[in-house]
Amino acid sequence: MTDTTVLELVSPSALLKSEPVEMVVVPGTDGNFGVLPKHSPMISTIRPGVIDIYAGGKVSERIFVAGGVAEVNPERCTILAEEAVPVADLKADEAQARLEAAEAALKSAETAHDKANAERALDIARAQIQALTN
Amino acid sequence: MASLKDLRSRIASVKSTRKITSAMKMVAASKLRRAQDAAEAARPYAERMGTMLGRLATAVGSNEGAPKLLAGTGKDDVHLLVVFTADRGLCGGFNASIVKAARLKAIALKGEGKTVKIICVGRKGSDALKREFGDNIVARYTGIEGKKGIDFSSATEVADKVLALYDEGEFDVCTIFYNKFVSAISQVATAQQLIPFAGEDVDGEEEATGSSAVYDYEPSEEAILADLLPRNVGVQIFGAMLESSASEHGARMSAMDNATRNAGDMIDRLSIQYNRSRQAQITNELIEIISGAEAL
């Protein structure tokens, strides 16, 4: 019996996942990090990217998140995601459309606030496309 | 004394009113179930966000460099009240109680010589407040609840507005007013301080499990806090919207239930009155005929 840690994936509208996993790789702002059972406690922000859930030494599930925060302690790994979609449900053309919309928004952005929002949307769209190509 | 025809049409009209109120009650009941599910589904996120923030807030403490959203602006001259009401009426005291709470607060603040600004979410709130505080209302939002319930993006819209105002130094303290859902027949008007962040619940239990461990922060406490605090505002507003919508449907359901019952009582009363006067009329006619016959 392998050790497991509890992965909790929560979005603002629902508790998406709460189950024991062997390992999960989280796209932190300062680089990806893997969480195994008995990980030392930490809190990290997440950049747009893919969460890989491992079972039996292989990736069993890939979930795209558009950013958020992760809290890790020895028993569990809690991820608060703004938007979470399984990679299998992502559509290439939708991601492309999102990228174009974000680029257009960035061009027409006037205030710093709008610009920051558009840049974030652009990052998300780019990460989605990257998730699809890998 | 109403004639028989008057009574008949009165009964018919009360009956159709009863049909309408009982239909509204059933619609509210099904919406309530959905809204309640949504409100419950959103709770884990808000809870975890709260504990995480509480932990971070204690870690950063009241350092010099603490973000403004946590430490406040150092003043409390301008207060922003965000009032969550329904777009529609016919839901008992739902809108009135929240408007009353906000009004009392606004008057109290004004009495202390502070400036009050108001954001109204929901049409009924702005209708009720605009006469007295028309000049204080800085923004209003309606049509929050779409066909599929409440979307997080509408909460983000309101949150962005609040944060933009805060960045511009338009207010110092932000309080939200909403009806907290307790059960279908009970809603509590609640005021909650949103900005600066009031670290209420790093409670005893959390203290025992969480804070004993020393957390690593990546990139840094301040960076995470700067990212998390604005997000928390959105989450709190979203939570308030969901609670408020569940409360609205609950309040409407019980109001319509009462209305249906009252209409039933009224129909009973009117039917008795109708039967009595019909009987009286017949008796009267009989007496006339009999006395007429005897006179001959």
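Modeller: Let me begin with two terms: strands (E, at least two residues) and helices (H or I, at least four) are DSSP runs, numbered from the N terminus, and two strands pair if DSSP finds at least two bridges between them. This is a predicted model, in which local features need pLDDT of at least 70 and side-chain atom pairs count only at pLDDT 80 or more, while totals for chains, interfaces and linings use all residues. Residues are numbered from 1 along each chain as its sequence is written, and chains are lettered from A and ligands numbered from 1 in the order in which they are written.

Biologist: What makes strand 1 and strand 6 of chain B a pair?

Modeller: Strand 1 (residues 78-84) and strand 6 (residues 173-183) of chain B are joined by 5 bridges and run parallel; the rule asks for at least two bridges, so they count as paired. Within strand 6 of chain B, C174(B) is the bridge partner of L80(B).

Biologist: Why are strand 3 and strand 7 of chain B called edge strands?

Modeller: The open sheet of chain B has 5 strands in the order 3-2-1-6-7, with mixed pairing, and strand 3 (137-141) and strand 7 (186-195) of chain B each pair on one side only. Neighbouring strands of this sheet are turned by 20° against each other on average, direction ignored.

Biologist: How do you know that helix 4 of chain B packs on the sheet?

Modeller: A contact requires C-beta atoms, placed from the backbone, that lie within 7 Å, and helix 4 (residues 123-133) of chain B touches strand 1, strand 2 (115-121) and strand 3 of chain B. The direction of helix 4 makes about 155° with that of strand 2 of chain B, where axes are lines fitted to C-alpha atoms, for helices over the stretch in contact, and angles run from 0 to 180 degrees between N-to-C directions. Helix 7 (residues 221-295) of chain B, in turn, lies across strand 1, strand 6 and strand 7, at about 40° to strand 6 of chain B.

Biologist: How does the radius of gyration of chain B compare with that of a compact globule, and what is the rule?

Modeller: The radius is taken over C-alpha atoms, and the globule rule is 2.2 Å times the number of residues to the power 0.38. For 296 residues a compact globule would be near 19 Å, whereas chain B has 28 Å, and the C-alpha trace of chain B spans about 110 × 40 × 35 Å along its principal axes.

Terms used
Contact = placed C-beta atoms within 7 Å.
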